[in-house]
Amino acid sequence: MGARGTEVMVHCNILVFKLGGTSLSISVIEVNSGIYRVLSTNTDDNIGGTHFTETLAQYLASEFQRSFKHDVKGNARAMMKLMNSADIAKHSLSTLGSANCFLDSLYEGQDFDCNVSRARFELLCSPLFNKCIDAIRELLEQSGFSADDINKVVLCGGSSRIPRLQQLIKDLFPAVELLNSIPPDEVIPIGAAIEAGILIGKESLSVEDSLKIECSAKDILVKGVDESGANSFTVLFPSGTPLPARRQHTLQAPGSISSVCLELYESEGENSAKEENKFAQVNT
């Protein structure tokens with residue numbers, strides 16, 4: 001089974017490593033004169049970005065128990081908060097050496113603050129990294145290839161951003177070009193757009209010709225006050241909203257007021273936000 005590419009390439013073998021949120025998919029593709037042929041594929045539903053997040057969340061729960069003598073691993077609400085915090089930290093650790101996890105009133109009114117280093121995260125997730133590399137080795141053996149037979153490696157899926165994982169793949173293919181110039185979580189949609197262009201006859205379509213639209217990475221929240229007088233947050237712009245954007249929102253306020261201060265925040269999950277996530281304040 002083959003498909004025409006956007007450019008004619010000499011014969012080469014490409015390994016496509018896709019690590020998404022819930023699964024790992026690896027394929028070996030043969031490219032010959034612009035014809036792409038999938039030679040072998042290996043999929044594992046037990047490895048994905050969620051599993052890295054869960055591993056880090058379990059570590060945070062253990063740290064909370066060590067500090068406050070409360071086991072929250074059986075508390076669904078507390079674990080959901082830890083999962084949200086762990087997911088944010090996981091993304092931060094792809095570019096930073098450490099990430100701070102602060103949770104307001106995690107359990108029985110107790111706040112939790114924990115700093116996680118990239119080295120700690122890599123140690124915790126080492127078994128998952130090894131599973132990824134083992135899956136690549138299994139696929140190569142299944143295809144009858146060695147690491148030397150692979151000419152290029154394509155990374156896609158948001159979790160393939162993890163620096164330690166990229167290094168392990170480079171170690172497995174020391175002489176191979178690692179293709180990651182396009183953000184890994186954009187590879188599949190860009191490829192689908194190019195393929196769609198080919199199908200409608202626009203074979204010269206390239207990434208440079210495409211229109212890039214900025215979107216909000218997280219929910220944008222507006223701060224308000226509920227009936228009890230406590231702070232509340234309402235989603236003003238859901239994540240993925242094309243920017244710039246305009247919204248009409250009605251705020252309830254007690255009595256007669258002559259001015260309003262609107263505060264906008266980036267979401268921390270579950271319609272919640274921290275003070276340091278405030279990025280705009282509008283006085284009217």
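Biologist: Which residue in β4 does Val-28 stand opposite?

Modeller: This is a predicted model. Strand β3 spans residues 24-32, and β4 spans residues 35-44. The two run antiparallel, joined by 9 bridges. Across that pairing, the residue opposite Val-28 is Ser-40.

Biologist: Which residue stands opposite Val-28 on the β2 side?

Modeller: β2, residues 12-19, pairs with β3 in the antiparallel sense over 8 bridges.

Biologist: Which residue in the turn between β3 and β4 has a positive phi?

Modeller: β3 and β4 form a hairpin with 2 residues between them. The phi in question is about 55 degrees. It belongs to Ser-33.

Biologist: How many residues of β3 are buried?

Modeller: Buried means under 20% relative accessible area. β3 is mostly covered by that criterion. The count is 8 of its 9 residues.

Biologist: At roughly what angle do the axes of α1 and α2 cross?

Modeller: α1 covers residues 49-68 and α2 covers residues 76-92. Contacts include Phe-52 and Leu-56 in α1, and Met-79 and Leu-82 in α2. The contact residues divide into 10 nonpolar, 4 polar and 3 charged. The crossing is right-handed, the axes come within 8 Å, and the angle is roughly 115 degrees.

Terms used: Residues numbered from 1 in each chain as written. Predicted model: local features only at pLDDT ≥ 70, side-chain atom pairs only at ≥ 80, totals over all residues. Heavy atoms only, no water. Axes fitted to C-alpha atoms, helices over the stretch in contact; angles between N-to-C directions. Helix = DSSP H or I, 4+ residues; strand = E, 2+ residues; numbered from the N terminus. Left-handed = near helix turned anticlockwise from the far one by under 90°. Contact = heavy atoms within 4.5 Å. Nonpolar A, V, L, I, M, F, W, Y, C, P; charged D, E, K, R; others polar. Buried < 20%, exposed > 50% of the residue type's maximum accessible area, 1.4 Å probe, protein only. Pairing = 2+ DSSP bridges.
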